[in-house]
Amino acid sequence: MKLVFAGTPEVAVPALDALIASERHEVAAVVTRPDAPAGRGRRLVASPVAQRAEEAGIEVLKPAKPRDEDFLARLREIAPDCCPVVAYGALLPQVALDVPAHGWVNLHFSLLPAWRGAAPVQHAVMAGDEITGASTFLIEQGLDSGPVYGTVTEEVRPTDTSGDLLTRLALAGSGLLVATMDGIEDGSLKAVPQPADGVTLAPKLTVEDAEIDWATPALRIDRVVRGCTPAPGAWTVFRGERLKIVQAALVADRADLAPGELSPAKNNVCVGSGSHAVELLWVQPQGKKPMRGADWARGVRIAPGERVGASDVG
């Protein structure tokens, strides 16, 4: 089939690579978000998908909005058979959805209908899911509600961050997306409507969602830290400034600390929670680079009974 691939971030690149390598399909063009400011100089930088497409000599389309007439006209000129999508980042209007004969097929990083929305992997980690996966489905106007072509499953490991898990799903999902294109082309694959039961939502995580509540159980805190890594980054407050918690570990045999209470030792620093203690393995103070928790604790000279948490502000 002739394909127009839509995607923007790094996580979409493995799928683009897999489609380019496929002998059965031609990636005629790529649709991606416009160049965005990045780095200290805030220079405009092309998306990872745009950069990869340009390296491969593929035409790149960067509409400000996918309903722009110039974009729609070019899409009709290319006349793709199907438009595979991975993390494009903009809502597609019906007028665009109607162009390819086989529609737009999205690779979504959950086992639909679970975790519909922008942050399925983060929510799966934060919810403590043991199994997740990826799904390909036909895009319609509802939020990730279209009929499903296929799925792959992936185990959520006890130490997985959302970044770790997303990296594995991006690779597994790229194979699923190519297999879906193959099945659509030869007619062997038919999309199946999603069940009405089991729908959960995964909205984009805000900075507020990533604040740690030390009164919750340690297991919940561990999931928030892992689910919010690398973005938006779990955090708390210490002496009126934000402290990012980069990596933590459960200390099951210690329950003597009040929620948020810090306990520094020679080689570690622990914090009390609503259950047992949590060790701060890596932290990042405001305006500084990540550092080992024990090194941070030595530098700030924690007083007896001193705490982290919202009550510390001001």
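User: What is the relative accessible area of Arg168?

Analyst: In this predicted model, local features need pLDDT of at least 70 and side-chain atom pairs count only at pLDDT 80 or more, while totals for chains, interfaces and linings use all residues. Residues are numbered from 1 along each chain as its sequence is written, and side-chain values use heavy atoms, with hydrogens and water left out. Buried means under 20% relative accessible area, exposed over 50% and partly exposed in between (1.4 Å probe, protein chains only). Arg168 is buried, with a value of 16%.

User: Which residue meets Arg168 in a salt bridge?

Analyst: A salt bridge needs a side-chain nitrogen of Lys or Arg within 4 Å of a carboxyl oxygen of Asp or Glu. For Arg168 the N to O distance is 2.7 Å.

User: How many residues apart are Arg24 and Asp186?

Analyst: The side chains of Arg24 and Asp186 form a salt bridge at 3.5 Å, N to O. Arg24 lies in the loop between helix 1 and strand 2, whereas Asp186 is in helix 6; helices (H or I, at least four residues) and strands (E, at least two) are DSSP runs, numbered from the N terminus. Arg24 is partly exposed at 38%, as is Asp186 at 46%.

User: Which residues form the aromatic pair?

Analyst: Rings of Phe, Tyr and Trp (its six-membered ring) pair if their centres lie within 6.5 Å; planes under 30 degrees apart count as stacked, over 60 as edge-to-face and the rest as tilted. The whole structure has 1 such pair. The pair is edge-to-face, at 5.0 Å centre to centre and 75 degrees between the planes, and consists of Phe238 and Trp296.
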